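Let's take a walk through this structure together, one piece at a time. Keep the 3D view open beside you as you read.

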Amino acid sequence: MAIFADKKTRVLIQGITGRDGSFHARQMLEYGTQIVAGVTPGKGGQRFDDSVPVFDTVDEAVQAEGATASVIYVPAAFASSAICEAADSGISLIVAITEGVPVLDMLRTVRYVSDRGARLIGPNCPGLISPGQTKLGIIPGQIAAPGPVGVVSRSGTLTYEVVSALTRAGYGQSTCVGIGGDPIIGTNFIDCLDAFEVDPQTEAIVLIGEIGGSDEQEAARHIKEDLSKPVVGFVAGRTAPPGRRMGHAGAIISGSQGTAAEKIATFRENGVEVAERPLEVPDFIASALGG
Amino acid sequence: MDIHEYQARELLREHGIPVPPGEVATTSEQAGEIARKYGGRVVIKAQVHAGGRGKAGGVKLADGSAEARKFAEQILALEIKGLPVTKVLVAPAEEIAHEAYLGAVVDRSSGVVVLMASSEGGIDIEEVAAKTPELIYKEQVDPRYGLLAHQASRLGFKLYPGDAGRARQAAGIVRKLYDAMIDAGASLVEINPLVTTPTGELRAIDAKMNIDDNELFRRPQIEELRDSESETPAEVEARDVGLTYIELDGDVGCVVNGAGLAMATMDLVKYYGGQPANFLDIGGSSNPEKVVSALRIITADSAVKSILFNIFGGITRCDDVANGIVEASRQIEVTPPITIRLTGTNEEEAVQILESAGFSAMTDMDEAVRKAVQLAKQHE
């Protein structure tokens, strides 16, 4: 088992002929992801790397190849439209890697996707990997290994750092999900926590948060009330100054809201252990899993 | 992107919101001239991207042209939260019978635009929200329909109960405020205070707007409002080459790939007793030139005593970063010692490249951070 995607998931790639889309499509194919179609308007009828059929619209790709998930690499100006097209064509899992999507667009897009019963992960995220089965996005395959730890994070390379440390320490992962660094995203911490809670493979969960917003605080309260599996937290940005956007559009302390100190305190008040350093996470997982 | 009060006032005025007159001056003489033109009492306000201007002495009431000149000179000599004041807004002082607050913000947890109004105007709205949240009236805007007329009207009557004239004026301003937000691609717009004059007219005295950076590619007229003087030259240079750089007070310069890891690296510097000099994200696909620019920006900060590279190669290739470091050391003189930690994609090639150029590389993040902190202390 895993959450959101496994080896049977039939994946299409929107923007497969672009620079990023083609590079990561090859990486995914190499990892074993079932890429059944690509979509680039105007390039329908071609084949990507002489194998994957390319279509003009998501509708055609779904009809012809039965794709159920889509990974989006189109530029920011077209990302909202690509997400809505996927949702409107019956895709149930949409992973938007694109960075720089306007927030006001995302307000409508997130609503549109949920109205159609689809799940959006991202935007501005590394996607997800269910080690040994499939990956949808850009998480490097070699750092992960199958196992009992679920990982959910707002970040990219910091997630790789922690996943890699877990793997080295002998703790493989069920699924690692990067939910994205933007203020408005499709899938949040609580959605992932709930999915890990009911996933039989997952025995412990790592949650990697950062400054800005209140998702971590809401997750902390949710963990106390509704989760039985142990969760280990980490929060980046203890030294971040207020009012400055720390790379991610959503990583900003507004006034006195959204500081790392506030988030860490809320985790601890709700019984969630918080690692001081990223590489300490495997030690906490070891004790959570009973050595 | 932050824009100045005078720019936000102009955007609101263009949308039909009643904003009283006001002009910008960059010298005290100009400020005096503007005050003479208006006659009577004027307000002089520092135009700087920092809160707490009043407390810092950046807002003053002047009686006549001579005093306006004197106060403008004082304010233009100020530095507020590290930012030099280069412009002041000069506006006629308004007669104020009542002050209210009006704002619109993208609310992250509910995923909608929330409009807010409070009769407690002119003060810190965050404080009102924390202490007396019942005094803030809210309307959530469903993104499928936009702001509906009855929502604006409801806020108007909440602000001015029993006063239909003012309630209707306020409802009109609420609708225009929302339009201004959407047209500018803003994530926050505030009128604080929204004042009532003694004759019962509403006026937007102070305006604040934050623009979503992701909107700028399609709003060139908003991008033109950017005030590069309000950023450090290093931050401007970084943006031009596509790096995210934020200057801090410490002495350990950090070059990292990825925003989350960059923050975690700064935190680790602090954890091991040092102080980070900056946040710097070289991004995912690092070409060697970005690394050269990064090193140039960091070495230009004279406070930096030690430089730390922390690279986790995924999509970023470690050999690209290594080539960048070697190239930079040829192009520019790097005096502070460099500690390099890299691991992941093409790590072995990277180590070879670095070693043949006389650098050494580490793979353990904690070890590297400890060493960089220690080197900064030795060079104090």
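This is a predicted model: local features need pLDDT of at least 70, side-chain atom pairs count only at pLDDT 80 or more; totals for chains, interfaces and linings use all residues.

Where they meet, 10 residues of domain 1 of chain A are in contact with eight residues of domain 2 of chain A. On the domain 1 side of that contact, the elements giving two or more residues are α4 (103-115) and β7 of chain A. Helix α4(A) gives the most to this side, with five residues. Sorted by class, the domain 1 side has nine nonpolar residues, no polar ones and one charged one.

Now find the sheet to which β7(A) belongs. Seven strands of chain A form an open sheet, in the order β3-β4-β2-β1-β5-β6-β7, and their pairing is mixed. The edges are taken by β3 (47-48) and β7 (119-121) of chain A; each has a single partner strand, so one side of each is left without a neighbour in the sheet. Further in, β5 (residues 69-72) and β6 (residues 93-96) of chain A run parallel and are joined by four bridges.

Helix α2 (residues 58-65) of chain A lies across β1 (10-14), β2 (34-39), β4 (52-55) and β5 of chain A, and runs at about 145° to β2(A). Helix α3 (residues 76-88) of chain A lies across β1, β5, β6 and β7 of chain A, with an angle of about 170° to β6(A).

Next, move along chain A to helix α7. Does its length fit what a helix should give, or what span would you expect from its 12 residues? At 1.5 Å a residue, α7(A), residues 215-226, should span 16 Å, and its end C-alpha atoms are 16 Å apart, which agrees. Its buried residues are A:D215, A:E216, A:Q217, A:A219, A:A220 and A:I223. Among the elements that cover them are α6 (189-198), β12 (204-210), β13 (231-236) and α8 (260-269) of chain A.

Strand β13(A) deserves a look of its own. Six of its six residues are buried. In a regular strand, side chains alternate between the two faces of the sheet. Here both faces are covered: A:V231, A:G233 and A:V235 are buried on one side, and A:V232, A:F234 and A:A236 on the other. β13(A) pairs with β12(A) in the parallel sense over six bridges, and within β13(A) the residue A:A236 is the bridge partner of A:E210.

Finally, turn to chain B. Its domain assignment gives domain 1 (21-92), domain 2 (98-223) and domain 3 (232-378). The C-alpha centres of domain 1 and domain 3 of chain B lie 41 Å apart. The contact between the chains takes 44 residues from chain B and 44 residues from chain A. On the chain B side, the elements giving two or more residues are β8 (112-118), β13 (244-247), α9 (259-271), β15 (278-281) and α13 (365-378) of chain B. Helix α9(B) gives the most, with 11 residues. By class, this side of chain B has 21 nonpolar, 12 polar and 11 charged residues.

Technical notes
Residues are numbered from 1 along each chain as its sequence is written. Chains are lettered from A and ligands numbered from 1 in the order in which they are written. The expected span of a helix is 1.5 Å times one less than its number of residues. A residue is buried if 20 or more other C-beta atoms lie within 10 Å of its own, exposed if 12 or fewer, and partly exposed in between; C-beta atoms are placed from the backbone. Two residues are in contact if their C-beta atoms, placed from the backbone, lie within 7 Å. Two strands pair if DSSP finds at least two bridges between them. Axes are lines fitted to C-alpha atoms, for helices over the stretch in contact, and angles run from 0 to 180 degrees between N-to-C directions. Ala, Val, Leu, Ile, Met, Phe, Trp, Tyr, Cys and Pro count as nonpolar, Asp, Glu, Lys and Arg as charged, and the others, Gly among them, as polar. Domain bounds come from an automatic or database domain assignment.
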